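Try each task by yourself, then read the solution step by step.

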Amino acid sequence: MKKKMASVQWRSRGRNYEAELQRCHPEGLPVEFGDYHPLKPIMVTDTKTRRGARKGSTSSSSSSSSSAPVDPLSSMLDGTDPLSMFAATETSAAASHSSSVGDLGRKRRVKEEEALGADFEPWSTKRGEILARFTTTEKLSINLCMGSDRGKAPNPGSSAVSEKVRTRLEELDDLEEGSHRELLNLSQQDYANRIEELNQSLKEAWSSDQKVKALKIVIQCSKLLSDTSVIQFYPSKFVLITDILDTFGRLVYDRIWTMCSDPRPLPDSFTVEDVNDTAKETCLNWFFKIASIRELLPRLYVEAAILKCNRFLSKSGIQETLPRLTAMIRGMGDPLVAAYARAYLCRVGMEVAPHLKESLNANIFDLLTTFRQISGDSVQKQLHLQKVEVPAYLMLYSPAINWILQCVAYRAPEPLLTEMMERCKMMANNALLLNSIMRAFRPEFVATRATDFIGMIKDCDESGFPKHLLYGSLGRSLACADPPESERLTILNEAWKVITKVRNPQDYMNCAEIWVEFTCRHFAKREVNTVLADIIKHMTPDRAFEEAYPQLQSVITKILMYFHDFSVLFSMERFLPFLDMFQKDSVRVEVCKSIMEVFIKHQLELTRDPVILNAMLHICKTMHDSVNALTLEDEKRSLALLIIGFIRMVSFGRDFEQQLSFCVEARSTFCNLEPVLVQLIHTVNQLAMETRMVMKGNHSRKTAAFVRACAAYCFITIPSLSSIFSRLHLYLLSGQVALANQCLSQADAFLKAAVSVLPEVPRSISVEGKLRSSESFLLDFINNFLATLLVVPDHPEHGVLYLVRGLLNMVQDYTWEDNSDAKVRVYISALPLLAAMSQETYLYSIHKVDSNETLYGGDPKFLSEINKLCETLIGQILDHLKTLTRDEQSMRRQSALAFSLFGVLLAHGDLKNNKLSQLSINLWNLSHKHGHCETRVSIRTLESIRHQAQRPDMAHLSDTIQRLALQSRT
Amino acid sequence: MSVTLDIKLKRANKVYHEGPIPLISSSIEVAKAGKIPGGKTEIPFEFPLISKGNKVLYETYHGVFVNIQYTLRCDLKRPLLAKDLSRSCEFIVHSQPQKSKIVPTPVKFSITPETLQNVRERSQLPRFLIRGHLDATSCVISQPLTGEVQVDKSDVPIKSIELQLVRVETCGCAEGYARDATEIQNIQIAEGDVGHGMPIPVHMVFPRLFTCPTLETTNFKVEFEINVVVILQDDHLITENFPLKLCRV
């Protein structure tokens with residue numbers, strides 16, 4: 001640092017830290033609890049009853065008002081927040097219920113009868129599954145034939161109808177008058193789009209009051225269901241078209257409903273008496289119209305679609321209609337078409353009247369009778385024509401049968417289920433039915449009879465329906481319900497005997513994946529290992545695993561669900577070989593991540609188990625090695641977090657050396673992930689500190705060598721980090737750790753390294769993707785660094801205050817931002833350090849490390865060095881202050897800087913010295929010169945000085961204070 | 001100034017029943033002579049349906065030869081210089097339900113190649129046995145026709161089974177009788193190769209506008225028949241005919 005002729009003199013104020021601490025101790029002043037506290041929640045002691053602006057909901061009445069604190073967020077809302085509003089309506093509804101006790105019993109009974117529980121898996125969940133499963137690449141066709149109609153309905157002139165819809169409606173108009181349209185060569189997606197268009201047309205026709213056309217669309221759509229060309233698409237077609245039927249059913253029901261809701265809406269539990277004549281007549285009209293539909297299939301589907309409307313006509317309507325429609329399906333010659341019609345009927349039946357079980361049962365029994373048609377000539381001829389294999393054809397039935405059985409089995413008594421099983425046996429164990437029974441019945445039911453089911457599967461005819469599917473369905477039930485304990489092993493053996501014989505790897509895998517869960521649930525490592533071995537054996541030839549990654553992944557997930565003890569898990573011989581099957585990088589990393597996540601969640605104890613460590617290192621290495629130039633930052637971060645999670649769980653207890661060598665190994669293994677390296681440095685530093693703790697601060701020769709080794713580890717690791725602030729902070733931290741462990745030269749090296757890195761700090765750094773000035777970070781770091789320097793003893797070979805000078809030189813040479821006071825701020829904050837260094841006893845010190853206080857023992861030469869340095873710094877600061885006169889902005893800065901320096905002088909300078917005292921007064925005046933000082937702060941400062949001046953050793957301050965004037969702003 | 005006159009039935013779709021005193025063609029004055037103020041004027045009216053002399057009031061019926069129609073006409077007489085206004089509109093009459101109760105008598109049937117009439121080459125017919133029954137042939141018009149059909153055996157697969165409702169009008173005239181049979185409704189009850197041995201329901205709702213109770217008068221008859229039509233996949237058409245008697249209970 002350049003030496004300037006010092007125009008100021010510096011004398012540090014002598015401090016007695018001990019006494020100051022004493023003075024600062026609180027005297028146990030009782031804290032008054034005032035009425036007001038800024039953090040105290042707002043109390044509401046009375047709430048008004050508010051009518052919510054939203055229709056049909058009212059907020060709570062005063063009964064629910066309380067003194068509960070009100071969340072400031074909720075007070076932002078206009079009125080009560082929506083959730084509590086719901087809660088309030090519920091309570092008020094409940095209240096009104098209980099008020100009419102007479103009604104209650106009846107209502108509850110109605111509810112019980114009509115409501116489907118949450119335990120009933122709704123159709124909506126099946127929909128997507130079916131659409132995804134039954135696909136085709138073949139071309140489809142839509143054959144629309146609008147029957148002749150008396151007179152065209154006028155076009156809707158309403159402007160609400162979009163252009164697109166209007167053209168579509170016109171197209172449909174063209175279809176009228178007995179016209180016939182065939183759309184050929186549609187892809188599956190085109191088909192779905194067309195159907196959706198029809199759905200939209202239906203809604204548009206309805207809303208433009210063209211009810212007849214709406215009905216025609218629905219009839220045409222349901223007719224499409226009698227077409228079984230491209231039979232493998234049929235289940236999906238069913239889904240698409242029944243959507244339209246649902247729409248229609250809803251429209252008709254709602255229309256009639258609104259006809260009755262004048263003057264007030266019908267209650268949910270309305271009876272026929274509540275329905276007016278017009279509504280009844282309209283409803284009856286619909287039924288008459290539908291009854292006259294010529295073809296069987298549309299007549300059935302459309303009537304089923306508006307089944308619910310029977311409620312408007314008679315109490316027993318639904319009860320009478322369901323059996324009639326059920327019987328009507330017998331007229332459908334194609335067994336597949338009939339099965340799906342039954343599925344639809346059961347669906348609407350369940351929605352409208354789930355308590356009517358008889359029709360559901362009738363449907364399934366009728367369905368069973370039609371099974372023999374499958375082997376009949378008509379079906380076989382069709383399959384031959386379409387080149388569809390029997391097993392594939394049978395699979396087409398499963399959604400329909402599963403659904404019907406699910407309806408039948410829903411809350412069904414055990415005897416019924418047993419009867420179904422018996423029927424199945426009677427039908428020579430029809431595999432299709434057996435499969436559906438296992439799918440649809442409660443898992444508990446299946447599980448308790450698992451042995452029976454295995455027997456039935458064995459007896460099944462192999463040709464029609466593959467057995468692995470049957471075992472798959474059984475396995476699915478056993479995965480969530482437990483068979484009797486004594487039978488479990490036999491079940492597993494029986495099942496696996498069949499599964500292992502499945503030739504096709506895909507089929508094998510689908511089934512094995514299901515059974516893994518049963519195995520994990522009830523058996524230990526040995527059995528799971530056997531299963532894994534079998535899977536490896538099946539999936540390795542011809543790299544079959546490449547086609548089965550999702551299933552293999554699910555196997556891992558299931559194992560992880562049940563095995564949380566990683567020493568057991570990794571001692572499974574075949575576990576790691578199993579992982580080796582994941583050869584596609586992305587999948588492998590995915591799997592490793594899932595394992596790591598479970599590890600971090602469930603491994604609660606630190607471990608040194610070599611089995612775990614080896615396996616985990618292997619897994620983490622896999623993750624680490626997946627990182628390349630293209631890896632996204634987020635991905636890197638998440639991988640690093642997982643690896644860090646592992647590293648933190650590793651502990652060799654008192655065997656510190658092994659821990660260190662683990663860190664050495666980890667460093668070379670995970671060198672590409674910076675956060676991991678940072679963690680490793682922290683781990684090693686912690687290791688050094690633990691060693692110190694064990695030795696209670698007195699290192700033996702061996703431990704001293706060890707902590708030096710730790711320091712060396714950090715010293716060579718830190719430079720490999722790219723983040724400059726990581727490096728700086730770690731240098732400082734490692735330096736502190738080295739100092740604490742009496743490794744003076746190492747500490748020196750760390751701190752020197754930090755100082756030498758300083759010039760490299762860029763002026764702006766990227767923080768969370770945004771470029772920000774690094775200045776504040778740098779200042780923070782330097783202040784932290786300065787605080788450490790107090791205890792660092794001077795190096796014997798270098799001059800006095802070698803590190804402080806080095807740092808200040810770096811600060812001076814650093815290219816700070818233009819118009820920045822950062823440099824001067826560093827200078828200002830260096831003064832307290834220097835003042836602290838000139839004390840006889842330092843504020844803090846490190847056990848067994850002699851700081852400069854002991855080294856120099858208050859040598860006047862040392863003190864004068866300090867004072868000179870201070871004077872140079874103050875000179876620099878003053879020079880800088882002089883330059884700040886150009887504009888308003890710089891004068892504001894001048895005022896602030898002058899005031900900080902004033903503060904430092906006051907706290908750390910010896911103001912008995914006249915020159916220093918004069919300087920402080922000048923600074924005060926300078927800071928107040930242009931009225932940029934905050935008066936409140938100035939007043940507080942004066943008060944504080946006045947307070948200090950009362951102490952005998954500070955009496956000189958009273959003179960100073962006389963000369964500190966408050967200048968009012970002009 | 002133009003004046004229009006309109007008759008509005010209070011409920012257009014209401015079915016008016018024959019009144020207790022039979023007579024026909026009556027007229028009443030709904031408003032006395034006077035001035036009708038400008039704007040819309042609604043004049044409520046009602047009159048009993050009374051048949052003329054000893055004639056019977058038949059139900060409204062629109063057929064080919066036979067038409068039974070009831071109309072209301074409203075005349076608005078106006079002074080010399082303005083034209084009289086007149087408007088007419090139809091209303092539907094249903095006869096009072098008969099008090100007597102019909103005891104349903106089921107009719108069984110069984111169709112084989114041997115039972116058929118009108119066959120050209122009986123030897124070329126495929127073998128089949130179709131059995132069934134109708135729950136009643138005397139039907140209440142507001143109740144559906146019900147029964148069952150069951151295919152026990154058929155060498156050639158079934159293509160379709162249909163129910164055909166036919167109306168037969170017979171009219172007496174100078175040359176003798178004129179007879180006209182019209183299909184009113186055709187409903188498919190089975191489609192495709194239906195399973196054998198399974199009873200398929202017969203169910204037909206009588207269409208409201210095209211059916212009326214069976215009518216037999218000295219001059220004309222309106223009768224109904226049902227055909228059970230079985231079409232085989234080789235397009236053989238097998239029909240079994242059942243006359244019906246419809247009534248209103």
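**Exercise 1. Compare the make-up of the two chains.**

Task: How many helices and strands does chain A have, and what does the secondary structure of chain B come to?

Solution. Start with chain A, which has 44 helices and four strands. Here helices (H or I, at least four residues) and strands (E, at least two) are DSSP runs, numbered from the N terminus. Now turn to chain B: zero helices, 16 strands.

Next, look at burial, where buried means under 20% relative accessible area, exposed over 50%, and partly exposed in between (1.4 Å probe, protein chains only). Of the 970 residues in chain A, 50% are buried. For the 249 residues of chain B the share is 39%.

Last, check the contacts (heavy atoms within 4.5 Å). Take those between residues at least 6 apart in sequence: in chain A, 74% of them join residues at least 24 apart. In chain B, 65% do.

A note before you go on: this is a predicted model, in which local features need pLDDT of at least 70 and side-chain atom pairs count only at pLDDT 80 or more, while totals for chains, interfaces and linings use all residues. Residues are numbered from 1 along each chain as its sequence is written, chains are lettered from A and ligands numbered from 1 in the order in which they are written, and side-chain values use heavy atoms, with hydrogens and water left out.

**Exercise 2. Check the confidence.**

Solution. Chain B has a mean of 79, and 82% of its residues reach 70 or more. For the complex, the predictor gives an ipTM of 0.79 and a pTM of 0.62.

**Exercise 3. Two helices against α23(A).**

Task: At what angle does α21(A) pack with α23(A), and at what angle does α22(A)?

Solution. Axes are lines fitted to C-alpha atoms, for helices over the stretch in contact, and angles run from 0 to 180 degrees between N-to-C directions. Helix α21 (residues 467-478) of chain A and helix α23 (residues 505-522) of chain A make an angle of about 30°, with axes 9 Å apart. That makes the pair α21(A) and α23(A) roughly parallel. The cut-offs: under 35 degrees is roughly parallel, over 145 roughly antiparallel, 65 to 115 roughly perpendicular, and the rest oblique. Residues that meet here include A:Tyr471 and A:Leu474 in α21(A), with A:Ile514 and A:Phe518 among those in α23(A).

Now the second pair. Helix α22 (residues 488-499) of chain A packs with α23(A) at about 165°, the axes being 11 Å apart. The two helices α22(A) and α23(A) are therefore roughly antiparallel. The residues of this contact divide into 10 nonpolar, two polar and one charged. (Ala, Val, Leu, Ile, Met, Phe, Trp, Tyr, Cys and Pro count as nonpolar, Asp, Glu, Lys and Arg as charged, and the others, Gly among them, as polar.)

**Exercise 4. A covered helix and a buried leucine.**

Task: How many residues of α18(A) are buried, and what does A:Leu919 touch?

Solution. In helix α18 (residues 431-440) of chain A, nine of the 10 residues are buried. Among them are A:Leu432, A:Asn435 and A:Met438. The buried residues of α18(A) pack against several helices of chain A, including α14 (357-374), α16 (390-409) and α21.

A:Leu919 sits in helix α42 (residues 914-929) of chain A and is buried, at 9% relative accessible area. Leaving out residues up to four places away in sequence, A:Leu919 touches A:Val8, A:Ile874, A:Leu878 and A:Leu905.

Terms used. pLDDT is the predictor's confidence in each residue, from 0 to 100.
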